[in-house]
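Please consult the sequence and coordinates alongside the text.

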Amino acid sequence: MTRKQKTIAPITPGSDRLDENTFDSNSSHSRRLQQSGKGKPCPICDRTKDGDCRWNNEVVLCHTHKDRDAQIQGYVYRGVKDIWGQYFPAQEPVSKQSRPKAKKEFVYRDKDGHPLVQVTRIDNGEGKSNFSSRTGRGRRG
Ligand SMILES: [Zn+2]
C-alpha cells in the first residue's frame, strides 16, 4: 500500500503577478493572435488595411471599436483593453435538444364540452412534427 503524498509547491513570489500582457503579440504563449490584413478582415470591423486588429479563437481585439460596443452579432463586447476593444464569441445557446418521441392528443371541445376535433401530434424526435387531425364524432342534435 502506497500512500499518496501531497506535495505543496512553494509559492514563488512574482509568479502570480497580474499578467497585463496576456494579449501582447510578443508573448510566446499558445494564445497566438492573428492580425487583420489583406484577405483577413477583422471579425468586428472588417479592417484589412493594416494589422491593428487581432484575434484568436477566444477573443477578438478590435482597434476600431475599442471603447464602445460595435454590436456585432455573435460577439460580446467586454470593454476596452489597452488599444483594443475586447470581443468574445457569444456562447451559442444549446438548441440541439430534440424532443423525445412523443405522441400527444389534443381534443378541441366546444363550449359545452363536446369533442369537436381530435388532433394528434407526433414528435418523431428529429425536430419535425406531424400533425394529423380528424374530426371527432360531432354533435348530432
Ligand atoms: Zn477591428
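A residue is termed buried if 20 or more other C-beta atoms lie within 10 Å of its own, exposed if 12 or fewer, and partly exposed in between. Asp-82 has 13 C-beta neighbours inside 10 Å and therefore counts as partly exposed. This residue is found in the loop between S4 and S5. Most residues other than glycine have a negative phi.

## Model and confidence

The model discussed here is predicted. The protein averages a pLDDT of 78, and 60% of the residues score at least 70. Among its elements, S3 has the highest mean pLDDT (97), whereas strand S8 (residues 129-135) has the lowest (59). Over residues 19-30 the pLDDT is below 50, and this stretch has six contacts in the model beyond near neighbours in sequence. Where pLDDT is low, the predicted coordinates should not be read in detail.

## Overall architecture

The secondary structure comprises eight strands and zero helices, so that the order of elements from the N terminus on reads β-β-β-β-β-β-β-β. Of the 141 residues of the protein, 12% count as buried. Among contacts with a separation of 6 or more, 19% are accounted for by residues 24 or more positions apart.

## The five-stranded sheet

An open sheet is formed by five strands in the order S1-S2-S3-S5-S4, with antiparallel pairing. Strand S1 (34-35) and S4 stand at the edges with a single partner strand each, so one side of each is left without a neighbour in the sheet.

Within this sheet, strand S2 (residues 54-55) runs antiparallel to S3, and two bridges join them. Arg-54 stands opposite Leu-61 in S3.

## The largest nonpolar core

The largest nonpolar core has 13 residues, of which Ile-44, Cys-53, Val-60, Leu-61, Cys-62 and Tyr-87 touch the most other members. Strand S3 (60-62), strand S4 (75-81) and strand S5 (84-89) each supply at least two residues of this core. The largest share, three residues, comes from S3.

Which residues does Tyr-87 contact when its neighbours within four places in sequence are left aside? The contacts of Tyr-87 are Ile-44, Val-59, Val-60, Cys-62, Ile-72, Tyr-75, Val-76 and Tyr-77. Of these partners, Ile-44, Val-60 and Cys-62 are also listed among the core residues that touch the most other members.

## Gln-86 in strand S5

Gln-86 is found in strand S5. With 18 C-beta neighbours inside 10 Å, Gln-86 counts as partly exposed. Not counting residues up to four places away in sequence, Gln-86 touches Val-59, Leu-61, Arg-78, Gly-79 and Lys-81.

## The S6-S7 hairpin

Strand S6 (residues 102-109) and strand S7 (residues 115-123) pair in the antiparallel sense over eight bridges. Val-107 has Gln-118 in S7 as its bridge partner. The two strands, S6 and S7, form a hairpin with five residues between them, and Gly-113 in the turn has a positive phi of about 90 degrees.

Is S6 well covered or hardly covered? S6 is hardly covered: the count of buried residues among its eight residues is zero.

## Further residues outside the strands

Asp-46 lies in the loop between S1 and S2. Although Asp-46 is not a glycine, its phi is positive, at about 65 degrees. With 11 C-beta neighbours inside 10 Å, Asp-46 counts as exposed.

Arg-31 is placed in the segment before S1. There are 13 other C-beta atoms within 10 Å of Arg-31, so this residue is partly exposed. The C-alpha atoms of Arg-31 and Glu-58 are separated by 8.7 Å, while the two residues are 27 residues apart along the chain.

Definitions and conventions:
Residues numbered from 1 in each chain as written. Predicted model: local features only at pLDDT ≥ 70, side-chain atom pairs only at ≥ 80, totals over all residues. Core = buried A, V, L, I, M, F, W, Y, C linked by C-beta atoms within 7 Å. Helix = DSSP H or I, 4+ residues; strand = E, 2+ residues; numbered from the N terminus. Contact = placed C-beta atoms within 7 Å. Pairing = 2+ DSSP bridges. pLDDT = per-residue confidence, 0-100.
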